[in-house]
Amino acid sequence: MTLGLINANPVVHAKKERVARPLDDPHADDAVDPLEIYDIVRDIRDPEHPYSLEQLSVLSEESITVDEKLGRILITFTPTIQHCSMATVIGLCLREKLKDCFPAHFKVDIKVAPGSHADEEAVNKQLNDKERVAAALENPNLRQLVTECLYSSEL
Amino acid sequence: MTGSSALNFWNAYWSGTLMLFSHWAMNFSIQSVKPKSEDIGVSRDELSRALLLAFAATPLFEPFAIPLLLDKLSSSLPSAKVESFKYLGYCAPMYGSDRMAKHGGALWSSVKDVLYTSPESALSVESESDGGMIFEESDIMVEALILLEGLMQQNSDLLLDMILGDEDINNFICSFLKPWDIHDTPLQLRQQLHSVGRLLAVSAKSSMASCNRVFEKFFPQMMEALGCSVGNHSDESFATEDRALSSRFNYGTLYLCVELLDACRCLVLGFKESTSFPDFIHEKWCCMLHGFCRSLINIFFSNLEAVSGNAQSSFAYTGVKGLQLLATFPRSFAPVSLLLFENILLKLVSAITSNFDKKFSWGLELKALVEIGLYIEGYQESEKAATFARIVVDKFVSWISSDEPAMPLSLKMQAICETGMTGISNMLRIVQGMEKAISAKFTQAYVDGNFESVELVIKVLECYSARVLPWFEMNGGSEEVAWNLAAIIWDKIDNSSSVNLTVQNYELLGAAMTAMKQAVRRCSQESQEKIVNRAFRVLSASTLFPLKDSPFATSLSNSEDSYLNHHVDRVSCRDEWIISLYASVVIALRPQTHVQNLKMVLQLFIMALTKGHIPSAQALGSLVNKLPSKTNERHLSQEYGVEEAIDVILTSSIWNFCQSNTLRKCSLFGGGNEIHNTKCLAGLNHTSVHISAIVGLAWIGKGLIMRGHEGIKDITMTFLGVLLENTNNGDFPESCDPIEGKEQEVIPLMKSAADAFHILLSDSEDCLNRNYHSVIRPLYKQRFYNSVMPLLLSSTRQSNSIITRSMLFRSFAHVISETPLSAMISEANKLIPLLLDSLSTLTEDVMHKDVIYNVILVLSAILMDKNGQVAVLENAQAIINQLIGLAAYPHMMVIRETAIQCLGAMSELPYARIYPSRTKVLQAISKALDDPKRAVRQEAVRCRQAWASIASRSLHF
């Protein structure tokens, strides 16, 4: 039996143009800001469709908060539909990408936006549980899916 | 061929053509040819062109081609539309008006669709900020307009019937006849307004008859909407007209009106270029315009006034454009009389005077004046030219030295230069004004340091160097302007006795030197000789002469260390001015120009360079670069050739601080040459003088190296001598005995010797380049590289001292970063280990950070070059290790960034070579992910991805 797509017809939004940052003060340090994180995660491919998380409006710059002093990053994402079983895969992708792109001292919290998912609490718990994340990434199928989403050149 | 066989042939041909077109219609799109078809050696453009020629081969294709192309217009692909319009535009004249007539309706509807129904024009950048009406048309619109123009030429009546009878267009224009606010109008309406304007303009431009029809149809309505009446007012009535203000700000109508004016002006000027110049004054449109001309000018005036009131730049655009158009109608167009023309100019000048704080409208007004000036120059309108010169140019010139208007000086100069550039007579007037200003204010600025005069003279001189002199060079003006400028400056210097030393004075000196160089380099040999002689007279009258009495000379013959310092300040500011300007003249001379009293001049420059006076050093470099080399080439009266000059320069005592001075030993100057001055600076240990001497020697060396003179060898050896000697021999004067003191003295000296290689090889904008007539031997950098490299390498191997090694590597770094890559790449194998050595040595001291950056740029260039690949592969491990170190270099962000980029490039090398380093690289990069600078972090993310993926097949997608 062929499984159907979970969200067969998602709404696709236009990509925003990447704005070049104004030249920073050459002597000051550049703090990590939400836009920097967003620039890294916006091009992650959706597990189901050949669109980026940005195009599907799963993520936005406003949904990311960062506190550099405490070393914390919080990403709140919005799955395209309430029953999206791919929410955990998206969360895994985000976590994996941030692990690659930011130093280990940042603590990353990943949550679904309040009210955007039927099993909100369960998904949040699963995504922020170190053991369960590690276990999930040991599953070859899941690992394959995550890697494809992160490094896909389809977009 | 018999009749029947001919018939058969035609039948076959015809049926073939029919099949071909039906096949195209079904399957073939012009777009179906791939843009990149290099594999078959034919480009898409060539195929498209061939098909275009085939379509237009015979009018017989018309029944097939036109429907096919019209059909293609309905495609959603923008490029298909562009191509179709292009084909239609090309085929229409080939097929003839009779055949095209039946497609008129279809063609008009497709053009209207593109232009009016869904226009794709984009607001231009400058217009975006103020919600204006300056649009950039899309390619489709441009092609559609070209087609429309072609069709109008072919059969204007038919198309005009359609355009003027089109209800949509008529309704649209009527809807715009009532006042509305441009800023509240949606973008699409503005785009449509723009398109309708273009449509009317293209229609009116095609012929007199069509211009008449368009005017008859729309112009009276527009004038009524604007509240204009046909009037024959007296000229004084400009201000007294009583109009409802709102009607003057009917933007849509004004916009269309300006477009129409533009169109009929183009029409008239088009005729003017051809031989038969019709009497268009009796044309209907001309009579109409004639009647409304005065009222229109009035309305444009009030538009301009509105700008000064509430900053509506859109109205400024129509107002200024309208006035500019009316002012540039040919003289024979009676309504715009000379008086009206004067009024327009006066209005624009007064607007420029008062609106300088509104950048957009100020720029428009100036541009309009410049356009008017260019038109007058282009069409030889002598009466208007006189009026323009009187009202605009003279007025602007009077601004130079007066406080009125209260406009920033830079804007004043911009306005003055741009109006001057409209024609030679205007420019000459402006130059006269500028010369007067310099004459009047230079002494004030130069002697008293009066702030305002200094600022003014600096601006005028900058204007000369950057705009006026280049303009005369481009437009074939005489050298008189350049000559006059140089003469004025020397006169002024000559006539003043003292100078006030201020900071602004240095700025003024800089501006004067640049202007002097720019002026002298444009003069002919004879004028240059006159200038240099004049300058020498001033120089010889200064306190710098006679040399034996000057502070320079005494300081040299005196062995007291403090004496020199004492006298540095005693060189008066005026002397500094004179020698700087004289050096500027010498820098810009042509090789053929004869310099009088060369020996004295050389000695003077040598003295000055010991004070750190760089222009003197540059002038010496220029002299040795340009002096004739052989006696027979020399001018009879020329006392010196290059050999003698070098002899004078290098036997001077100032180089003797270097213990093993190769300059005095070398065969070139050896034999009879004794050092004249035994009381030399050698024992003085006066570091700053030594450094100045090294910098001076470097500039002299640069002059020699560029002409490929052998003397450069000795100069190079001197630098190497300074680098090697001071630490290896330990031969320091006793006063420097403590180690710290010794280092303090020696390191700056060695650093300047190392940096001399930078001066030798880098391109300078101030002197010794093509602009200043330098003698440049081809490939001189390559030759120097080949000769100096072995020396540097053997010295590096021999030296034990860390400081010496680092300084030698600094020199090496300068040499490789200035030599073209192609000269070095063949020896990349030898170069890379050295390069890595130099990086590891230089990273130990923060003062080398700029040099490290240059070296790493060379390394990255080698990494990117195909010819360097083998060498890179052989040294892969060492390169990676070095780059890992540099990725954490704390003193300069760009070094870290480039190092990480290079590491990223290294990941492309064969797997087996780089795999052993993978873990090391990833560890280093994970540290770089925490870099304080964002650019480095972003580079690190990319590099990490590249290195992480080399081990995992699954990461390649």
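Trainee: If a salt bridge is a side-chain nitrogen of Lys or Arg within 4 Å of a carboxyl oxygen of Asp or Glu, how many does the structure hold over all chains?
Mentor: The structure holds 28 salt bridges over all chains. This is a predicted model, in which local features need pLDDT of at least 70 and side-chain atom pairs count only at pLDDT 80 or more, while totals for chains, interfaces and linings use all residues. Residues are numbered from 1 along each chain as its sequence is written, chains are lettered from A and ligands numbered from 1 in the order in which they are written, and side-chain values use heavy atoms, with hydrogens and water left out.

Trainee: Which residue does A:R143 pair with?
Mentor: A:R143 forms a salt bridge with A:E96, and the closest N and O atoms are 3.1 Å apart.

Trainee: And where do those two residues sit?
Mentor: A:R143 lies in helix α5 of chain A and A:E96 in helix α2 of chain A. The pair links distant parts of the chain, 47 residues apart. Helices (H or I, at least four residues) are DSSP runs, numbered from the N terminus.

Trainee: Changing topic: how many salt bridges cross the interface of chain A and chain B?
Mentor: The rule finds 5 across that interface. The side chains of A:E36 and B:R937 meet in a salt bridge at 2.8 Å, N to O.

Trainee: What area is buried between chain A and chain B?
Mentor: About 1,600 Å² is buried between the two chains, namely the accessible area (1.4 Å probe) lost on putting them together, summed over both. Carbon and sulfur atoms give 49% of that area.
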